[in-house]
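Work through the exercises below with the sequence and the structure at hand. Try each task before reading its solution.

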Amino acid sequence: MYWFFSSWCEHFLSASNARDARQSRRATSPAAASARRIAAECAGVETTVLRILERCGGIAVDDFLAGRLPVYEAIVAAFDAGDRTTLQTYVSAEVYDDFSEAIAAREARQQTTETRFVRIEPPEIVAAHFDEARAEISIRFVTDSYKLMRNASGQSIESMHAERHSLDVWTFGSMPSTNDWRLIATGAS
């Protein structure tokens, strides 16, 4: 009986050591290191976002994101419509200048654009930064849409009949202790 118990303990100990060795190898593998780095970055972004939103009026993360989605749609619609007044409400001076220039070029060609969203996924925060002068939160918008372009007489000149999948990262900025968020940068993910 003692031999059986002793043998079983040795087997259990060797299995445990083998498991520990496998876990140790996994923990030091490039994939494990990458996973730990990504987890740390996500935790860092989450902490930064919470600090930013606390300083900017105490808004909850879910409420902040819920407010960005209609802003995204309003900016896309205003850009398509050439509505510079609405754009000024939502974007920084630098972004306004870029958008206004693109609108002017489209107007010179006597073209109009319309975006029809098929699907918009819930927005996701991907980066955040703040200092004494400015708070910035970058949000990924994933959408499926159709873009329609028309000439001056309203005829379709270019149409994306296939659904277009977009991954946009828009950065919103605000002065600390305010809740006046403006689009300050756009990009693709």
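**Exercise 1. A residue in a strand**

Is Lys-147 buried or exposed?

Solution. The model is a predicted one. Step 1: the relative accessible area of Lys-147 is 17%. Step 2: a residue counts as buried when this value is under 20%. Step 3: Lys-147 is therefore buried.

**Exercise 2. The partner of Lys-147**

With which residue does Lys-147 form a salt bridge? State where the two residues lie.

Solution. Step 1: a side-chain nitrogen of Lys or Arg has to be within 4 Å of a carboxyl oxygen of Asp or Glu. Step 2: the closest N and O atoms of Lys-147 and Asp-80 are 3.5 Å apart, and the two residues form a salt bridge. Step 3: Lys-147 belongs to strand E3 (residues 135–150) and Asp-80 to helix H3 (residues 61–81), so the bridge ties together parts that are 67 residues apart in sequence. Step 4: Asp-80 is buried as well, at 7% relative accessibility.

**Exercise 3. Other salt bridges**

How many salt bridges does a search of the whole structure find? Describe some of the others.

Solution. Step 1: the search finds nine. Step 2: one of them joins the side chains of Arg-140 and Glu-124, with 3.2 Å from N to O. Arg-140 lies in E3 and Glu-124 in strand E2 (residues 124–130), so this pair ties together parts 16 residues apart in sequence. Step 3: check the exposure of both residues. Arg-140 has a relative accessible area of 24% and is partly exposed; Glu-124 is also partly exposed, at 42%. Step 4: another bridge links Asp-180 with Arg-182, where the closest N and O atoms are 3.6 Å apart. Asp-180 is partly exposed at 44%, and Arg-182 is partly exposed at 27%. Step 5: there is also a network of salt bridges, which links Glu-114, Arg-116 and Arg-150.

**Exercise 4. Helix H3**

What span should H3 have at 1.5 Å a residue?

Solution. Step 1: H3 has 21 residues. Step 2: the expected span is 1.5 Å times one less than the number of residues, which gives 30 Å for H3. Step 3: the end C-alpha atoms of H3 are 30 Å apart, so the two values agree. Step 4: the buried residues of H3 are Phe-64, Leu-65, Arg-68, Val-71, Tyr-72, Ile-75, Val-76, Ala-78 and Asp-80. Step 5: to read such a list, recall that an α-helix has 3.6 residues a turn, so residues three or four places apart point the same way. Step 6: look just past the helix, where Gly-82 has a positive phi of about 70 degrees.

**Exercise 5. The largest pocket**

Which elements each supply at least two residues of the lining of the largest pocket? Describe the pocket too.

Solution. Step 1: the volume of the largest pocket is about 270 Å³. Step 2: its lining has 16 residues, and those closest to the centre are Val-76, Phe-79, Lys-147, Arg-164 and Trp-170. Step 3: the elements asked for are H3, strand E1 (112–120), E3 and strand E5 (164–174). Step 4: H3 supplies the largest share, five residues. Step 5: sorted by class, the lining has seven nonpolar, five polar and four charged residues.

**Exercise 6. The largest nonpolar core**

Which element gives the most residues to the largest nonpolar core?

Solution. Step 1: this core has 28 residues, and Ile-137 and Trp-181 have the most contacts inside it. Step 2: at least two residues come from each of helix H2 (30–55), H3, helix H5 (93–108), E2, E3 and E5. Step 3: H3 gives the most, with seven residues.

Methods:
Residues numbered from 1 in each chain as written. Predicted model: local features only at pLDDT ≥ 70, side-chain atom pairs only at ≥ 80, totals over all residues. Heavy atoms only, no water. Helix = DSSP H or I, 4+ residues; strand = E, 2+ residues; numbered from the N terminus. Buried < 20%, exposed > 50% of the residue type's maximum accessible area, 1.4 Å probe, protein only. 1 Å grid on protein atoms, 1.4 Å probe; cavity = no way out; pocket = protein on both sides within 12 Å on 5 of 7 lines; lining within 4 Å. Points joined across faces, edges and corners; volume = space filled by probe spheres on them. Nonpolar A, V, L, I, M, F, W, Y, C, P; charged D, E, K, R; others polar. Core = buried A, V, L, I, M, F, W, Y, C linked by side-chain atoms within 4.5 Å.
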